[in-house]
Amino acid sequence: MTVVVDTNVVVVANGKSQQASATCVLTCVERLQQIMDGEVKLVLDDGRRILEEYMRNLRSSGADVGDRFLRWLLTNKDKMCDFVSITPIDGSEYEFHEFPTDPELEDFDPADRKFIAVALAHSDQPPILQAVDSEWWNYRDMLKQNGVTIDFICENDIRSILNQG
């Protein structure tokens with residue numbers, strides 16, 4: 001099995017998200033541990049966009065689970081991860097040929113488009129693990145219609161966040 005991991009999963013695993021329940025934190029920790037144990041393969045882009053986002057949000061010298069995941073990733077990425085190429089449109093940092101051209105996704109967060117492009121560029125089209133970013137929930141049906149699978153590993157938390165808004 002392969003997966004793409006949105007940054008909020010590693011941030012939640014570090015206990016750095018106030019909106020995440022203890023159950024959600026534990027779920028994120030367990031999913032990252034499966035990757036580190038070699039049970040699940042992580043997919044990254046060969047341009048290091050996802051890795052660099054992880055590095056901006058984590059500390060490889062830290063003791064929290066997300067930090068340990070980053071340290072593991074930096075050490076093992078070449079032998080434990082799949083890499084795919086994604087193609088920027090006209091040198092854009094956020095627009096990729098692999099991202100669906102569906103007008104319903106036009107307002108999707110540009111910074112998160114790399115995760116979708118990576119999932120669609122991989123031969124398995126793996127699910128994207130998502131913790132508590134409620135914007136993804138709002139686009140779930142349209143993403144599914146475009147061949148993107150989102151694994152909402154903290155669905156109860158997302159529903160709670162949306163009910164508070």
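1. Let's start with the helices: α3 and α5 pack with their axes 10 Å apart, at an angle of about 140°. Axes here are lines fitted to C-alpha atoms, for helices over the stretch in contact, and angles run from 0 to 180 degrees between N-to-C directions. The pair is therefore oblique, the class left once angles under 35 degrees are called roughly parallel, over 145 roughly antiparallel and 65 to 115 roughly perpendicular. The crossing of α3 past α5 is left-handed (the near helix is turned anticlockwise from the far one by less than a right angle). Helices are DSSP runs (H or I, at least four residues), strands likewise (E, at least two), numbered from the N terminus.

2. Before going further, please keep in mind that the model is predicted: local features need pLDDT of at least 70 and side-chain atom pairs count only at pLDDT 80 or more, while totals for chains, interfaces and linings use all residues. Residues are numbered from 1 along each chain as its sequence is written, and side-chain values use heavy atoms, with hydrogens and water left out.

3. Helix α5 (residues 113-121) is mostly covered, with 8 of its 9 residues buried (under 20% relative accessible area; exposed is over 50% and partly exposed in between, with a 1.4 Å probe and protein chains only). Among the buried residues are Phe115, Ile116, Val118 and Leu120, and Arg113 and Lys114 are buried too.

4. The largest pocket has a volume of about 180 Å³, the space filled by probe spheres set on grid points joined across faces, edges and corners. A pocket is an open set of points on a 1 Å grid over the protein atoms alone, where a 1.4 Å probe fits, with protein on both sides within 12 Å along at least five of seven lines; lining residues have an atom within 4 Å of a point. Helix α3 (residues 49-57) gives the most to this lining, with 4 residues. Lys114 is also one of the lining residues.

5. Arg49 belongs to α3 and lines the largest pocket. Arg49 is partly exposed, at 22% relative accessible area.

6. Asp90, between β3 (81-84) and α5, has phi near 50° and is exposed at 81%. Gln125, between α5 and β4 (128-130), has phi near 45° and is partly exposed at 38%.
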